[in-house]
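Here is a short briefing to read alongside the model. Please keep the sequence and the 3D view open as you go through the points.

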Amino acid sequence: MNTKTLVSLSLLVGIGAVLHTVIPGIFLGMKPDMMLTMMFLGIILFPAKKNVLLLGLLTGVISGLTTQFPGGFLPNLIDKPVTAFVFYGLFLATKKITRSLLGASVLTAIGTLVSGSIFLISAYVIVGLPGAFFALFAAVVLPATLVNAGAMFVVYPIINGILKRSTIREAVTTEQLS
């Protein structure tokens, strides 16, 4: 794995961690997960299985450590890696479409819905839910879907523009070819 790629992924995870920590819980300890946006951005910009695994595991651990959801550590450890690979699969299946701004935003919305569903189901099985599944889904997952898609719509062109002007993109392309 390329050092420049690791540094870039670390920055995205770090930004996601700060956003995840700062955003308050909005309904029964659940909050929109902005780490997902950064994880999805990392997968779009550096699409390789090892990067997806690394992002999924790190995001799961950090989300679990910073969650306000009662007993949310284990559900986060399950949710993020599974979501990362589902997102990666969808990204590969729709690669030409998802390289566009609108495509990346729509795929982020789908990924957030998948993540929220997996989190709630695993939390229900492991620790139980503090409210009804559909109430939590409607009160937290659906708004988070809009927030994450909107964040991707704003952040993706900025980060993509920075990467086009730097040597990071060249290093990633060279690494993927070897």
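This is a predicted model: local features need pLDDT of at least 70, side-chain atom pairs count only at pLDDT 80 or more; totals for chains, interfaces and linings use all residues.

Residues 51-71 are 76% helix and 0% strand, and their end C-alpha atoms sit 27 Å apart. The protein chain holds 8 helices and 0 strands, and buried residues account for 47% of its 178 residues.

**Annotated spans and overall layout**

- Read from the N terminus, the order of elements is α-α-α-α-α-α-α-α.

**Helix α2**

- Helix α2 is built from 12 residues and covers 17 Å from its first C-alpha to its last, close to the 16 Å expected at 1.5 Å a residue.
- Is α2 enclosed or open to the outside? It is largely enclosed by the rest of the structure, because 12 of its 12 residues are buried.
- Among the buried residues of α2 are Met34, Met35, Met38 and Met39, along with Phe40, Gly42 and Thr37.
- The buried residues of α2 also include Leu36, Leu41, Ile43, Ile44 and Leu45.

**Salt bridges**

- How many salt bridges does the model contain? The count is 2.
- One of them joins the side chains of lysine 80 and aspartate 33, at 2.8 Å from N to O. This pair connects distant parts of the chain, 47 residues apart: lysine 80 belongs to helix α4 (residues 73-93), and aspartate 33 to the loop between α1 and α2 (34-45).
- Lysine 80 and aspartate 33 are both buried.
- Lysine 80 also meets aspartate 79 in a salt bridge, with 2.7 Å from N to O.
- Taken together, Asp33, Asp79 and Lys80 form a network of salt bridges.
- Why does aspartate 79 count as buried? Its relative accessibility is 1%, and buried means under 20%.
- Lysine 80 is buried too, because its relative accessible area is 1%.

**The largest pocket**

- What classes of residue line the largest pocket? The lining has 9 nonpolar and 2 polar residues, and no charged ones.

**Threonine 94 and the α4-α5 loop**

- Threonine 94 sits in the loop between α4 and α5 (95-98).
- Is threonine 94 buried, exposed or partly exposed? Its relative accessibility is 28%, so threonine 94 counts as partly exposed, the class between under 20% and over 50%.
- From threonine 94 to alanine 104 the distance is 10.0 Å, C-alpha to C-alpha, and the two are 10 residues apart in sequence.

Definitions and conventions:
Residues are numbered from 1 along each chain as its sequence is written. Side-chain values use heavy atoms; hydrogens and water are left out. Ala, Val, Leu, Ile, Met, Phe, Trp, Tyr, Cys and Pro count as nonpolar, Asp, Glu, Lys and Arg as charged, and the others, Gly among them, as polar. A salt bridge is a side-chain nitrogen of Lys or Arg within 4 Å of a carboxyl oxygen of Asp or Glu. Helices (H or I, at least four residues) and strands (E, at least two) are DSSP runs, numbered from the N terminus. Buried means under 20% relative accessible area, exposed over 50%, partly exposed in between (1.4 Å probe, protein chains only). The expected span of a helix is 1.5 Å times one less than its number of residues.
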